[in-house]
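Subject: Structure handover

Hello,

My notes follow below it.

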Amino acid sequence: MLLGTEEDWPRAFEEILRRVGPVQGAGGTRYAFDCERITIEPFSLRDRPRYSLVIDRLAYWYYHPREWLKKVSLMDGVYLLNSPFTFQSMEKHAAYCAMMRLGLKVPETVLVPYKNPPDNARYAYTAARYNQPFDLDAIAMRIGYPLFMKPYDGGAWRGVSRISNPAELHAAYDQSGEMLMHLQKAIDYDVFARSLTIGAETMVMRFQPDQPMHLRYAVDHDFLSPQTGSEVVTIGRLVNSFFRWEFNSCETLVKGGEVYPIDYANACPDVALTSLHYYFPWAIRALVKWCAFVLVTGRRPKLDLETDRFFDVGDDPALTYQEKLEAYRQLADGYFEADRYQDFCATHLPHVDEIVLDWVAGPDFDRLLTDTVRSTYPAHEHDKFIAHLRGLLGLWVRDETARLRSA
Ligand SMILES: Nc1ncnc2c1ncn2[C@@H]1O[C@H](COP(=O)(O)OP(=O)(O)OP(=O)(O)O)[C@@H](O)[C@H]1O
Ligand SMILES: [Mg+2]
């Protein structure tokens, strides 16, 4: 694990992996897993790494480990969640482009030039010679109000604003400074669905962006029709299989049965206990299972994107949107070996669900919960948040117990 400041899910992951113990592969070979937190140090490009798989949560902002990841990927075939090659070169903008070509309902989006010049001695000459003057109001009118202005590579709401009129448009653009901005048509959505995909598993959650962090994910199992839910799953897995991302969250806005994807390149998706709460055990379990599947079956990392397989579908004028989705789902499930993964979990990891349930219901998890609250919130809020999380995780324990009994 290549980590930044987080402590909650790594502790959970280490503990579940320890409790799961060795796993039997096909042919009876026993695989024991060792897991460690990678430290940052000088490395020769010819050093051999000790690792078969790395879960990366750091390289999106810290470049030394990012270059180490590239080295162990290219030279040593280490399996990465996620590949830095596409995650660092395919920001939101590139994902919009690819998904538009594939026929997804990405809202109308325009990229405008920098408000303030990039800091480069050649800028004045280049701009005088080549920058076209443009009419920001006309672009906004064409897209239509309300719209969103947001960085082409954004994250964490930095520089995001909702704009309803020309005055707000100019104020936001003036403030954008040296950030490169998209203007995007606002979708007046009924529900916001955020799906977290880990390997071949996806959890679609109702998201409430206007709420404080701890209330953003609502516990709601039936907020989408089965068909729309399946469309949201397909979109998340399509994005991931297209770019070879294995641990990513995808944001979609749903209005009247139509699904509009707006954000789907999260190199380090939120898996904090305090925000995922009820869904946290699912995330840790999926991560443990996917890593075990990859390592025991010897799944090989794939760096080449083979985009034509997707574009052949997207570019085919004879296919309807629905038919394209079905074809993408097949490609995605094929890439993630969805059936083989399910079989593997049933045959080789049948005990993992019980292990996770036992752990979440027990004192070790409660210690993790209280430690996490104490390190996240100010002292006067500890009791409130401990009770809040205990309530939600208690609900998960009840639901999961019922699910396993009926299975
Ligand atoms: N086209 C849109 N229509 C409606 N709402 C939008 C649109 N684009 C963005 N938003 C709103 O703005 C929020 C932030 O936008 P976006 O996800 O693109 O930025 P971000 O910086 O990646 O945020 P985060 O880190 O929370 O994902 C979204 O969660 C959503 O509530
Ligand atoms: Mg977002």
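Which protein donors hold the magnesium ion (ligand 2), and at what distance do they lie from it? They are Glu251 (OE), Glu251 (OE) and Asp263 (OD), lying 2.1 to 2.5 Å from the ion. Glu251 sits in strand β12 and Asp263 in strand β13, so the pair ties together parts that are 12 residues apart in sequence. Donors here are N, O and S atoms within 2.8 Å of the metal (3.2 Å for Na, K and Ca); water is not among the atoms, so sites may look incomplete. Glu251 and Asp263 are both buried. Buried means under 20% relative accessible area, exposed over 50%, and partly exposed in between, with a 1.4 Å probe and protein chains only.

Some ground rules before the rest. This is a predicted model, in which local features need pLDDT of at least 70 and side-chain atom pairs count only at pLDDT 80 or more, while totals for chains, interfaces and linings use all residues. Residues are numbered from 1 along each chain as its sequence is written, chains are lettered from A and ligands numbered from 1 in the order in which they are written, and side-chain values use heavy atoms, with hydrogens and water left out.

Ligand 1

Ligand 1 has 18 residues around it. Lys150, Ala156, Trp157, Glu251 and Asp263 come nearest. A residue is near if one of its heavy atoms lies within 4 Å of the molecule or strand in question. The shell divides into 10 nonpolar, 3 polar and 5 charged residues.

- Ala156: a polar backbone atom is 2.6 Å from an oxygen atom of ligand 1.
- Gln184: an N or O atom of the side chain is 3.0 Å from a nitrogen atom of ligand 1.
- Asp263: a polar side-chain atom is 2.8 Å from an oxygen atom of ligand 1.

On its own, ligand 1 has 600 Å² of accessible area, and the protein covers 94% of that. Areas come from the Shrake-Rupley method with a 1.4 Å probe; for residues, only the protein chains shown count as cover. Helices (H or I, at least four residues) and strands (E, at least two) are DSSP runs, numbered from the N terminus.

Helix α8 and what follows

How many residues of α8 are buried? The count is 15 of 18, so the helix is largely enclosed by the rest of the structure. Helix α8 covers residues 226-243 and should span 26 Å at 1.5 Å a residue; its end C-alpha atoms are 26 Å apart, which agrees. The expected span is 1.5 Å times one less than the number of residues.

Ser241 is in α8. Its relative accessible area is 0%, so Ser241 is buried. Tyr328 is 87 residues away along the chain, with 9.2 Å between the two C-alpha atoms.

Backbone geometry to check

Most residues other than glycine have a negative phi, and most peptide bonds are trans. The exceptions below include two of each kind. Here are the details.

- Arg244: phi is near 65 degrees, a positive value in a residue other than glycine. Arg244 is in the loop between α8 and β12 and is buried at 3% relative accessibility.
- His277: phi is near 35 degrees, again positive in a residue other than glycine. His277 lies in the loop between α9 (273-276) and α10 (280-297) and is buried, with a relative accessible area of 1%.
- Leu81 to Asn82: the peptide bond is cis, with omega about 10 degrees. Asn82 is in the loop between β4 (79-81) and α3 (84-89).
- Tyr145 to Pro146: the peptide bond is cis, with omega near -10 degrees. Pro146 is in the loop between α6 (136-143) and β6.

Asp383 is in helix α16 (residues 382-406). Asp383 is exposed, with a relative accessible area of 65%. Val373 is 10 residues from Asp383 in sequence and 8.9 Å away, C-alpha to C-alpha. Asp174, in helix α7 (residues 166-176), is partly exposed at 45% relative accessibility.

Best wishes

Notes
A polar contact is a pair of N or O atoms within 3.5 Å; within protein, one must be able to donate a hydrogen and the other to accept it, and residues adjacent in sequence count only if both atoms are side-chain atoms. Ala, Val, Leu, Ile, Met, Phe, Trp, Tyr, Cys and Pro count as nonpolar, Asp, Glu, Lys and Arg as charged, and the others, Gly among them, as polar.
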